[in-house]
Amino acid sequence: MRMPRNLRREDNKPSALRYLILVLVTVLLFGTIVFQLTNLQVRDGSDYNDTAESRKMKTYALTGSRGMILDRNGIPLAYDEESYNVTFYRDPARNTAKDVQNYTQVILKVINIVEAGGGKTVQNFYLKRDEEGKDYLDFLTENTETYEKRLKTWTQNMYLTKVSEEDYFTKLTERYGIEEMDYETQYKVLSVWQELQMYAYLSKPVTIAYDVDMTTVARLEAASIDLTGVDIEETTKRVYPYGTLASHILGYMGSISDEDTEEYTALGYSADDKVGVSGIEKSMETQLSANVSYRQGAREVEVDANGSVMRELSYTAPMDGNNVQLTIDLEMQQTLENSLKYNIEEARKIQLEALENATERDLEDYRQAIENRDGETLRLAESGAAVVLDVHTGEVLAMASYPTFDPNDFVNGMSTEEYNEKYNISSAPLFNRAISSKATPGSIFKMTTALAALEEGVVTTDTTIDDEGPFTKYDSSSYAPSCWTAHPEKHDHQNVTLALTNSCNYYFYTVADMLGIDKINKWASLLGLTSKTGIELSGETTGVVGNQSVLYDSARGITSQKSSKTNYVARTIKKTLSDTGTALSRNFEEERLERVTQELMNLVLEYDSTEMIDAIRNVLMTELGLSSEEISRRYLLNTLNSYLREVRWTPTETIMTGIGQSITELTPVAVARYIAAIANGGNVLDVTLIDSILSNEGSVITENEPVVINTLDISETSLDAIKRGMKGVISAEDGGTASSYFTDFEYNDMVGAKTGTAQVNAIDIENNAWFVSFAPYDDPEIAVVVFIANGYKGGVASLTSKDVIADYLERKNNPTVDTVPKQNSFVP
């Protein structure tokens with residue numbers, strides 16, 4: 001039914017009204033919203049802007065734990081453990097004078113809290129003060145170029161580039177508002193500010209106190225409202241559970257040096273990361289470290305102006321570094337180090353007893369020798385080194401250098417004063433004498449001469465030589481070299497075996513003269529004595545065996561010769577020329593003195609001894625403009641000629657090389673490789689400290705294999721003769737040179753050995769002491785080398801060898817039945 005037209009129109013009126021009302025309400029709502037938005041923008045815009053500015057997005061690199069260093073049985077020698085550091089973040093936008101002094105007040109509060117908990121904040125401000133109250137800069141370097149570079153960086157970061165050095169301290173104390181405080185407090189505050197400024201470019205929190213305890217953490221958290229910028233960082237610290245044990249092998253951690261910054265940055269390290277500075281920590285850095293970029297994780301966060309995290313946006317877990325398993329045996333290492341220390345102390349006691357019993361004539365000779373070296377005090381035993389090798393693999397089973405150090409000292413850093421007191425001392429505890437020192441070997445070199453003579457056909461095992469007293473072939477004076485014994489008739493009919501047992505110098509003078517220096521050098525090289533051993537430690541030096549090019553090499557600078565003797569001669573000649581110029585009122589500039597010194601030394605290579613006087617005169621007259629009268633009046637010709645004789649190789653130098661004297665100098669680790677080669681039948685091996693690299697889960701990544709660098713084709717007859725000679729050294733029946741030290745030794749029949757008493761100057765009590773050995777004799781497994789600098793007599797150094805060999809053979813003969821790993825061992 002259709003609705004009437006007029007009725008339909010009346011029903012539409014309410015609908016239109018509702019529509020109008022809806023439109024009006026909508027407009028009103030939008031108007032209100034617009035009004036509120038406008039009001040927010042105008043009224044609160046600055047507040048919201050401040051909040052947005054104070055909150056920033058940051059991405060922090062995350063690092064895992066550094067890998068462990070383990071002994072061959074899986075016992076941890078170095079590992080990371082959890083610790084807490086105090087960090088400080090300075091908002092770069094807050095840099096007014098008031099802001100800076102407010103931060104100083106925060107620093108003072110942190111110092112008080114940390115010290116109350118028994119800790120300390122960083123304290124290594126470069127501007128020091130001496131006992132007289134005078135300020136000076138100490139950038140921990142003696143290199144001029146490095147010093148200048150560090151000075152420039154420091155003055156820039158501390159805003160001192162336009163301040164004179166004498167005003168540095170005053171300017172800094174004024175800037176940081178501490179001018180009225182005591183010096184100790186000023187030093188602590190400035191140390192922290194220096195740390196903040198030097199690492200400001202990293203735009204991240206800077207560590208200002210390491211390894212604080214939980215009480216300190218709690219106190220800092222409780223005071224956090226007043227400690228703007230301060231935070232607690234959960235991190236790890238390096239731990240060396242056995243303290244000084246194996247310290248020269250393990251090494252220690254420290255800051256990245258200026259020279260290495262670019263290299264480590266390229267690998268992903270941050271400038272404030274700690275790295276290995278020496279030892280395995282250094283050489284295996286990239287295996288151990290969790291700081292390399294591909295092992296790093298990341299945490300993206302929102303932080304406030306103080307650097308505090310407001311919320312975490314994303315997280316990628318880091319990976320730990322790999323573990324390095326060494327070849328050393330912890331128990332043998334302990335035995336070696338304890339015994340070496342005791343041995344050095346005993347050597348010193350023996351020297352003091354010898355001085356007490358010395359004749360007045362001997363004492364006068366000592367006094368005269370000391371006076372001739374400008375009064376330098378008598379050198380008695382105080383340092384040494386020892387190495388134990390597996391003769392078939394070249395693995396280091398133990399290696400010691402004495403004095404030792406504690407790598408834990410370096411974990412949190414030391415002040416310059418602490419470092420100087422402990423380590424910047426004459427005994428040089430950080431110096432690894434096993435690989436970095438070289439010394440005259442004495443009679444332990446005689447096996448080289450013997451092997452060369454036998455294999456070159458100069459003598460046979462049956463050739464005998466009588467000791468005729470002084471060896472007068474090249475020197476018939478009272479200074480002619482002779483054997484150590486006062487009864488040469490006891491060394492009649494010496495074959496190579498007896499000559500080694502008796503350490504007969506005359507025998508080896510004779511065969512060295514027959515060989516010539518080139519063949520002696522050849523065999524020293526073949527036996528690995530004049531090359532690096534390949535040990536995985538930095539700082540290994542290379543031994544030298546003398547000849548003319550080693551004694552003086554014209555291609556090298558006058559003070560950079562291989563022989564320390566030649567460097568000394570060069571300095572002496574240069575000083576003589578300088579003193580001459582001063583006496584004659586002539587100004588001989590430095591460059592000219594060096595050039596003339598080198599020309600004079602080159603004469604040794606150009607003229608024979610009969611022509612030297614005229615050649616020297618010609619150089620002095622031509623190059624320095626001296627007259628014949630001036631030369632004669634100052635006795636320059638004879639004086640300089642006597643110095644130059646010292647750098648001319650002579651047959652006498654050759655025969656002295658044959659007994660390990662002259663300018664021959666060897667390292668303990670190279671000598672250990674040489675003894676191993678004799679013991680194993682002629683295989684010269686690379687020396688290694690690394691057994692394997694393990695992942696942090698324990699799986700093997702790489703495993704080392706023995707590396708033979710040279711296999712000598714030596715006859716069994718020659719080797720047998722040499723080994724029998726070494727066995728006789730400790731035999732009372734054979735009257736060997738070390739037999740008195742082995743009278744009660746249980747394993748006499750199982751050891752081959754050789755003593756080395758090396759003369760270093762005219763004072764016999766300062767002789768170097770060497771003792772080398774291998775065991776078991778019939779089927780050698782280990783080689784042991786002991787070196788005591790200024791140890792007096794070679795036999796004295798046998799005490800350490802006896803302890804190590806006895807310990808090794810006892811453990812070999814009585815193996816532990818229990819196969820359960822030792823406590824704290826790491827089992828893959």
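A salt bridge here is a side-chain nitrogen of Lys or Arg within 4 Å of a carboxyl oxygen of Asp or Glu. You are looking at a predicted model, where local features need pLDDT of at least 70, side-chain atom pairs count only at pLDDT 80 or more, and totals for chains, interfaces and linings use all residues. Residues are numbered from 1 along each chain as its sequence is written, and side-chain values use heavy atoms, with hydrogens and water left out.

**Stop 1: salt bridges**

Select glutamate 646 and lysine 565: their side chains form a salt bridge at 3.4 Å, N to O. Glutamate 646 sits in the loop between helix 24 (636-645) and helix 25 (651-657), and lysine 565 is in helix 20 (residues 564-583), so this pair ties together parts 81 residues apart in sequence. (Helices are DSSP runs of H or I, at least four residues, numbered from the N terminus.) Glutamate 646 is partly exposed at 36% relative accessibility, and lysine 565 is partly exposed at 24%. For these labels, buried means under 20% relative accessible area, exposed over 50%, and partly exposed in between, with a 1.4 Å probe and protein chains only.

Next, pick glutamate 331 and arginine 811, a salt bridge at 3.9 Å, N to O. Which parts of the chain does this pair link? Glutamate 331 belongs to helix 11 (residues 330-357) and arginine 811 to helix 28 (residues 798-813), 480 residues apart.

Now try glutamate 623 with arginine 595, at 2.6 Å, N to O. Glutamate 623 is in helix 22 (residues 612-624) and arginine 595 in helix 21 (residues 590-606), so the bridge ties together parts 28 residues apart in sequence.

For a network of salt bridges, select Arg66, Asp80, Arg238, Glu281 and Glu285. How many salt bridges does the structure hold? The count is 42.

**Stop 2**

Jump to cysteine 483 and cysteine 504. The structure has zero disulfides (cysteine sulfur pairs within 2.5 Å). For cysteine 483, the nearest cysteine sulfur is that of cysteine 504, 4.2 Å away. Are these two buried or exposed? Cysteine 483 is buried at 8% relative accessibility, and cysteine 504 is buried at 1%.

**Stop 3: a charged patch**

Finally, select Glu165, Glu166, Asp167, Glu174, Glu179 and Glu180, which form a negative surface patch. Patch residues have over 30% relative accessible area and no salt bridge, with like charges joined within 9 Å. Zoom in on glutamate 165, in the loop between helix 3 (144-157) and helix 4 (168-175); glutamate 165 is partly exposed at 41%.

How values were computed:
Patches are made of residues with over 30% relative accessible area and no salt bridge: like charges are joined within 9 Å, nonpolar side chains (Val, Leu, Ile, Met, Phe, Trp, Tyr) within 5 Å. Accessible areas come from the Shrake-Rupley method with a 1.4 Å probe; for residues, only the protein chains shown count as cover. Lys and Arg count as positive and Asp and Glu as negative; His and the chain ends are not counted. The place of a charge is taken as NZ of Lys, CZ of Arg, CG of Asp or CD of Glu. Helices (H or I, at least four residues) and strands (E, at least two) are DSSP runs, numbered from the N terminus.
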